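Thanks for taking a look at this one with me.

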Amino acid sequence: MANANPNKQPTVRARIRFAKYGVMRFVGHLDMMRFFQKAIRRAGLPIAYSGGFHPHQIMSFALPLGIGVTSEGEYMDIELTEKVVPENAIQRLNDQMADGVKVLSFVYLPDKSQKAMAAVEAASYVVGLKEPEGKAVHVLARQGADGSAGMGNDGSIFAEMPLEPLFREGLRLFYEEADDIIIIKKTKKSERQLDLKPLIYEFKLSDNAEKTAFLPSKDVGVSNGDQHDLYFYLTLSAGSTDNIKPELVFSHFMKSLGIEEDAYRLAIHRLDLLTRNPEGQFVSLGDAVGLL
Amino acid sequence: MEALALSDDILLSVDKAARYIGNEINHIKKNPSDVDIRFALCFPDVYEIGMSHLGIQILYEMFNRRSDVYCERVYSPWADLHTILKERDIPLFALESQQPVRDFDFLGITLQYEMCYTNILQILDLSKLPLLAAERTEADPLVIGGGPCTYNPEPIADFFDLFYIGEGELQYDALFDLYLSMKKDDAYTREAFLRRAAQIPGIYVPSLYDVTYADDGTLASFAPMYDDVPAKVHRQVVTDLDAAPYPTKPVIPFVQATQDRIVLEIMRGCIRGCRFCQAGMVYRPNREKSLDTLKRYAREMIETTGYEEISLSSLSSSDYSALPELVNFLIDECAAKRVNISLPSLRIDAFSLDVMKKVQDIKKTSLTFAPEAGSQRMRDVINKGLTIEDILGGSELAFKGGWNKVKLYFMLGLPGETDEDIQAIPELGNEIASLYYDTVPKEERTGRCQITMSTSFFVPKPFTPFQWARMYPPGEYLRRAKLLNDTMKEQLNRKSLRYQWHQADVTVLEGIFARGDRRVGAVIRKAYEYGALFDAWSEYFDMEKWERAFADCGVDPDFYIMRERPADELLPWDFIDTGISKDFLRREWERAKRGEVTANCRKQCSGCGCRAYGGGVCFG
């Protein structure tokens with residue numbers, strides 16, 4: 001570690017995958033970076049430092065995670081001045097984690113591989129939806145004039161619909177059969193029109209049989225550990241261009257159903273970050289190491 | 001992992017939710033049902049400030065060493081959460097267990113500055129405890145105060161069941177043991193416990209003292225109600241700091257704290273005896289930790305925290321006997337571990353400049369002097385042993401070393417200050433700027449030098465030689481600041497000079513709290529009712545609320561600030577024995593008026609009385 005000038009030393013790059021869950025979902029992105037900087041020092045990993053008068057650890061996160069969102073697919077790349085046995089690195093890091101952060105894997109990257117941040121093209125999520133307690137009445141959906149359940153804009157009458165058929169029907173109209181999903185995306189400086197449709201690679205509602213399959217692994221649990229009434233599975237465009245957050249998709253989805261945005265409690269859990277393999281298929285950022 | 005006290009929708013709606021979830025590295029986890037005493041330890045300000053405080057970390061570590069005590073932390077919810085807790089009727093909770101404070105045995109509140117007083121009421125209010133100690137029941141926690149503001153606890157006496165006066169390391173075990181034994185013997189009632197606690201050295205139970213006032217508003221008497229309650233409460237002082245507990249595994253916050261670094265306390269107390277400085281008096285005698293202890297702590301804390309910076313903490317680090325050895329050790333140790341060193345409160349001389357050059361980027365840092373007064377006459381009055389030669393000599397060395405930014409700290413409104421003393425401040429700034437242009441040849445300069453002068457307004461504090469001094473109305477403080485500013489604009493090097501000053505209203509209020517009596521408590525309560533909160537934060541401070549509160553309570557602020565108190569006046573804090581004799585303080589007040597300096601503790605004992613503690617510099 002006592003290198004006078006670490007920049008001149010050859011370094012090895014490693015990719016760490018970790019889960020963030022439980023109360024840690026309220027710790028923001030910058031605070032997580034500072035948390036890992038300290039944890040890496042406590043773990044005694046031979047992290048490489050940048051040059052200059054204020055050297056900093058060479059570490060970069062793949063994609064920020066919103067506050068309140070849990071994940072088992074967080075990645076960061078670090079540079080080390082010497083190799084450490086991966087199992088050993090995982091153990092040393094996990095000894096330094098707060099309750100709610102767990103390092104899942106540690107792999108060395110080939111020299112020319114892309115940085116995690118640049119490689120990310122999509123993110124997959126499971127979103128649990130729960131009816132608020134004490135409000136058993138299902139949301140009113142519009143019913144078409146011909147009696148079929150639908151979102152007819154004219155001559156609609158209102159009828160009660162159970163939760164699952166409502167969202168299944170809603171999803172069909174909002175996503176599956178829609179030609180486009182035009183939204184206005186507001187930034188600090190401007191407003192622009194954006195078609196969400198091609199940026200949502202997958203958006204489906206699990207049926208009962210699939211429900212458990214969508215549950216994240218046991219030790220990382222969906223945010224507050226509650227059971228939810230419905231589980232949605234989404235794969236969304238992510239990365240430096242067209243980074244689409246699940247909150248945004250759901251806010252427009254709810255709007256299309258005529259439902260107040262905060263009518264249901266959503267538990268958002270990121271499952272993985274994805275990149276494309278040479279054949280153009282999505283693969284996990286953790287599995288893609290050898291391909292890139 | 002505990003269930004959180006706050007729901008997701010609340011945590012997602014407030015700023016920096018991670019302040020309220022606990023779970024930090026090095027926090028202490030116990031099962032509340034395994035302990036006999038639950039202690040909620042509170043710093044009544046926002047989390048980032050409170051988490052930066054060493055005293056809390058010391059007590060947290062010390063209390064939790066006991067298997068029968070579980071000490072948890074509490075901070076002021078920020079204004080956004082405050083509103084939500086009030087609206088939704090959610091009781092304030094401790095971070096570790098996320099359980100309500102009102103279910104604890106003790107609520108300990110540290111009192112670090114007067115402007116946190118409304119935040120004390122916020123903590124009590126949000127915890128759903130009666131604000132007044134007299135209205136609390138057997139079910140409520142015992143509310144105990146500690147820290148520097150306990151050297152005059154009277155303005156907040158009504159809100160506390162008891163105070164601990166002095167260094168926390170000494171008597172908490174006795175207090176806890178008494179509590180446990182009375183509970184065990186079924187002898188516990190709130191009243192019986194407080195009566196017996198009052199007999200523990202350093203414990204002050206305000207409800208056991210009678211206060212009467214004379215017709216002119218001054219104190220007529222202050223006496224215990226019972227024979228077994230001591231008339232004097234003795235400040236507790238640790239004599240062997242090496243043997244005292246130290247938190248070498250401090251709790252490390254997720255959100256960035258104000259003090260985002262390892263804090264290495266190298267000594268307590270100060271040898272200097274500046275007459276305005278309460279800390280310099282009430283932490284006497286000066287006591288150092290040994291070099292070996294500090295080396296051990298530094299090594300250990302670099303390992304346990306992962307912090308990237310270490311800072312020395314003391315009132316005057318340059319006076320630490322083994323400073324060169326300590327600093328050289330840190331430079332070696334820290335370079336290997338890539339830890340930066342921060343060295344506040346160093347006197348500027350060849351040694352410190354040499355060290356700073358090694359550990360700081362001189363292009364980015366500025367040099368700091370605290371002359372406190374502009375004229376030598378005034379510096380003699382306050383016994384600040386910094387001479388013009390020290391300042392100019394240090395500056396010259398610094399300019400030659402490549403620095404071009406200097407910060408200077410002063411006070412305005414010091415006792416006996418004249419307009420000439422005020423004008424001497426920008427004149428000193430100008431002289432330093434001239435020195436820069438004389439010292440550094442044109443081709444070596446990178447633009448102008450930058451001399452920044454800051455002033456705060458002086459607030460007389462109890463147990464200082466200036467405890468009898470008068471203050472001034474806000475308008476007078478602002479006149480002085482303006483005079484300084486106008487004089488600065490007349491200086492030759494005015495373009496190299498900057499001036500910043502503080503709010504005057506806050507100063508006046510701080511002055512009232514610092515030397516107030518029990519009658520001020522009603523005003524604090526009223527102001528809180530009017531919405532005063534986070535008074536230490538300029539964006540929240542609202543003098544209008546305070547003016548209304550004073551008027552409503554019929555309390556005249558001028559009584560507390562505009563009078564020079566006569567020598568024979570009974571002062572509200574006279575019942576505390578800090579070890580410093582009133583005779584010594586009076587002598588120093590008279591010497592100040594004559595502009596006579598007093599030697600520091602290493603040169604000559606000035607007989608303040610603290611030798612009686614039997615340790616530290618007095619026996620050096």
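**Notes on the model**

1. Let's start with two helices of chain B: the axes of α6 (residues 172-184) and α7 (residues 190-197) come within 11 Å and cross at roughly 145°. Helices here are DSSP runs (H or I, at least four residues) and strands likewise (E, at least two), numbered from the N terminus. Axes are lines fitted to C-alpha atoms, for helices over the stretch in contact, with angles from 0 to 180 degrees between N-to-C directions.

2. Which residues meet? From α6(B) come B:L175, B:L178, B:Y179 and B:M182, and from α7(B) come B:A192, B:F193, B:R196 and B:A197; contact means heavy atoms within 4.5 Å. By class, this contact has 7 nonpolar, no polar and 1 charged residues. Ala, Val, Leu, Ile, Met, Phe, Trp, Tyr, Cys and Pro count as nonpolar, Asp, Glu, Lys and Arg as charged, and the others, Gly among them, as polar.

3. Please keep in mind that this is a predicted model: local features need pLDDT of at least 70, side-chain atom pairs count only at pLDDT 80 or more, and totals for chains, interfaces and linings use all residues. Side-chain values use heavy atoms, without hydrogens and water; residues are numbered from 1 along each chain as its sequence is written, and chains are lettered from A, ligands numbered from 1, in the order written.

4. Chain A has a mean pLDDT (the predictor's confidence in each residue, from 0 to 100) of 82, and 79% of its residues reach 70 or more. Over residues 135-158 of chain A the pLDDT is below 50, and this stretch has 45 contacts in the model beyond near neighbours in sequence.
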